Amino acid sequence: MSNLISSSAWQALYSHQSDIRNLKMRELFATDSSRFDKFSLQIDGLLLDYSKNLITEKTIELLINLASQSNLSDWIKRQFNGEKINTSESRAVLHTALRCPPNSTVLVDGKNVIPDVHRVLDHIRRYSNSIRSGITVGHTGKQIRHIVNIGIGGSALGPLMACEALKPFGSKDLTAHFVSNVDATDIAETLKKLDAETTLFIVSSKTFTTQETLTNAHTARAWLVKRLGSELAVAKHFAAVSTNLSETSKFGINPENVFEFWDWVGGRYSLWSAIGLPIAIYIGMENFERLLAGGHAMDEHFRNAPLEKNMPAILGLLGIWYGNFFGTGSYAILPYDQYLQHFPAYLQQLEMESNGKRVDREGNPVDYDTHFVVWGEPGTNGQHSFYQLIHQGTRMVPADFLAPLNSYNPIGEHHAMLLSNCFAQTESLMLGKTEAEARAELIAQGLTGNSLESLLPCKVFPGNRPTNTLLFNQLDPYTLGKLIALYEHKIFVQSVVWNINAFDQWGVEFGKQLANKLLPELRSEEAISTHDSSTNNLINIYRKRRIS
């Protein structure tokens, strides 16, 4: 048994879960009119209502004890101070430094990194302003109208999510496109929408060797050169986010259009860095800086608020409460905002790549769950898809509901209807519907006898399904920055309690290694027999059936 499982704080929570697991949230609300006040937090216009959870004040006390036992406050300091808490790669973890004001000091190996951060931000400002203003133009003198981000993982999901979320702030003269999948369909369908004379490609790869990204980049390059008739066009139509100036130069990219970032910026935490270049071009540098400011505001809250008033800590500990003590294997992110349609996918990578680990920081296999499957869909789309499972399925699925109080598109009753659905879902998931209530409802509808009795079980809802609600005025850049940082820190809280490294991703590399080995075999004319029988046959069938 691990030290965590055998610890006094863990065992106290295990015993407490047995005491309260049969409590009904509807009864907790009925007997405590101040429950919302006890279990909600407001920070700078962002409201977290976590009262619709199967918790009491004792639960929160015991969860805070667990965090304290894990030295969470000390780990927070270590992260912000630039210590190399990514131990398997011997790296600091300082995406937080990317959103610090210029007068800050953050040391890595004795060097203050903030001047470098703002040097790159100044570079982004100059370049994005020149694109948006039309000072920088394409090879034939036409203004840039299309931005195509070519990356994968955090180099794609972050910019895609943010540009879509902040579409009301996007330039009406620019269209942002995103290519990540090495499937040729992704790049082919994107290129069909473009005019080479007015398109800027941004290739995001720290080493400029990422297989999927460089394959797509070379396809885009060939397309551009063919249409504009000159290799010289590449320098006018490509920028890069990379540290490999040699390779970007070989590609034909002007060194002045190559943007730096650092090894203490993890890919899934990198939209705050030069990886956010397409965001800055699309929404403007002032709005990009507001995004950074929102992230920094959440950083300051996370650093300074006591754990019982700390929004990321509360969210992270509630996740542990359900995942480790109720055995939930997943949780849902349910944004009631169409602009946040890519937020669940963004959090899938952020959470599952961070905490999908089977060994602790010392390399020992863990004997407790350290990860959850993250999934979701915006608004009422999900209600007509998977909410059936959340309401009446056999598994408990904790869910976060996110909603703006005001819409950028105030048409008729649309937004009131959207919010009525959002609030109704959290209420109904909490309340449920008892057999007596269902029976009375059916009788009122005129059902009797066998017809009533056969339908009755289908009309009962167990309720007691936990939800958090996050409300904000509107989804502006500052608010989005706070939301992203909130979930970043929530994930860190969980990793600290679980004693795992949230900042490496070795599991991503293994499949890539095998793919690099398999690729020449797919091109080969010889029968393949060096793998297992399944893989051998899949390769050989592909080679027999491929058209070209």
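**A tour of the salt bridges**

At 41% relative accessibility, R303 counts as partly exposed (buried means under 20% relative accessible area, exposed over 50%, partly exposed in between, with a 1.4 Å probe and protein chains only). The model on display is predicted, so local features need pLDDT of at least 70 and side-chain atom pairs count only at pLDDT 80 or more, whereas totals for chains, interfaces and linings use all residues. Residues are numbered from 1 along each chain as its sequence is written, and side-chain values use heavy atoms, with hydrogens and water left out.

The term denotes a side-chain nitrogen of Lys or Arg within 4 Å of a carboxyl oxygen of Asp or Glu. Both residues lie in helix α14 (residues 285–304), three residues apart, about one turn of the helix; helices (H or I, at least four residues) and strands (E, at least two) are DSSP runs numbered from the N terminus. E300 is partly exposed, at 30%.

Next, select R99 and E488, whose side chains meet in a salt bridge (2.9 Å, N to O). R99 lies in the loop between α6 (72–80) and β3 (107–108) and E488 in helix α22 (residues 477–498), so the pair ties together parts 389 residues apart in sequence. R99 is buried, at 3%, and E488 is buried, at 2%.

Proceed to E525 and R546, a salt bridge with closest N and O atoms 3.5 Å apart. E525 is exposed, at 66%, while R546 is partly exposed, at 25%.

Finally, select K111, D116, R119 and E260, which are linked in a network of salt bridges. The whole structure holds 28 salt bridges.
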